[in-house]
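Please keep the sequence and the model at hand while reading.

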Amino acid sequence: TAREATVAEVSWEMGSIAQGQDAPPQTNHPALAPVDAAQQPAAEALLAACIGAGIDAEIVADIRRALWEKFVFLAAISGLTSVARQPIGVLRADPDLRAALEAAMREAWTVGRAQGIALTDDFIAQLMNFTDSLPAEMKSSMLNDLVAGNRLEAPWLCGAVARMAGAAGFTAPVNSTLYAALKPYCNGASR
């Protein structure tokens, strides 16, 4: 088709946000949290607006954990789909790519745990099960950007995992390799 499936597609027309038809709803589930108790009414008002607009959002008790749960998934999926230049179905089906995907997730999980984030022991297994439920043709937005010659988010995804691991005194070899392979394209490429 002319339109490729992406993790999330957002349309900004006339001040509205619409979830793309091809995006799995689980990846577009906003988590909201007030920074302090005084912001609770604002968080609840935003939640009501989201629900009223048909956006399945929730208020969470630990926003740092919610952010890291998304980051662990996004860093691995975006890095590996981009380097392989393949949709998620190919990564799942190939034993070597599947192992690399799980290893990239585990490295990010380890960094999060080192930073005191309460990621559960079985989180990677949960993510792999979730990954197995995604449409086989799904591509990360970073892969779409790579193909289009646009700037990439790699420094803030797999590159960030590698940097934070180093700062914590250990390595993240899969994320480091993904980032190294994507670095030549981070500022975009000529079309």
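The points below concern a predicted model, and they are grouped by topic.

**Aromatic pairs**

- Two aromatic pairs are found when the whole structure is searched; in one of them, the ring centres of Trp68 and Phe71 are 5.1 Å apart with the planes at 80 degrees, so this pair is edge-to-face.
- Trp68 and Phe71 are both part of helix α2, where three residues, about one turn of the helix, separate them.
- Trp68 is buried at 11% relative accessibility, and Phe71 is likewise buried at 16%.
- The rings of Phe73 and Phe130 also form an edge-to-face pair, because their planes stand at 65 degrees, with the centres 5.3 Å apart.
- Since Phe73 belongs to helix α2 and Phe130 to helix α5 (residues 123-133), this pair ties together parts that are 57 residues apart in sequence.
- Phe73 is buried with a relative accessible area of 7%, while Phe130, at 19%, falls under the 20% limit and therefore counts as buried too.

**Charges over rings**

- Arg85, in the loop between α2 (63-84) and α3 (88-93), places its charged end over the ring of Tyr185, 5.7 Å from the ring centre.
- Arg85 is partly exposed, with a relative accessible area of 42%, and its phi is positive, near 55 degrees, although the residue is not a glycine.
- The charged end of Arg106 sits over the ring of Trp109, at 5.8 Å from its centre.

**Helix α6**

- Within helix α6 (residues 141-148), the buried residues include Met142, Leu143 and Leu146, and the buried residues of α6 pack against α2 and α8 (173-182).
- Gly149, which follows α6, has a positive phi near 80 degrees.

How values were computed: Residues numbered from 1 in each chain as written. Predicted model: local features only at pLDDT ≥ 70, side-chain atom pairs only at ≥ 80, totals over all residues. Heavy atoms only, no water. Helix = DSSP H or I, 4+ residues; strand = E, 2+ residues; numbered from the N terminus. Buried < 20%, exposed > 50% of the residue type's maximum accessible area, 1.4 Å probe, protein only. Contact = heavy atoms within 4.5 Å. Phe/Tyr/Trp six-rings, centres within 6.5 Å; stacked < 30°, edge-to-face > 60°. Lys NZ or Arg CZ within 6 Å of the ring centre and 35° of its normal.
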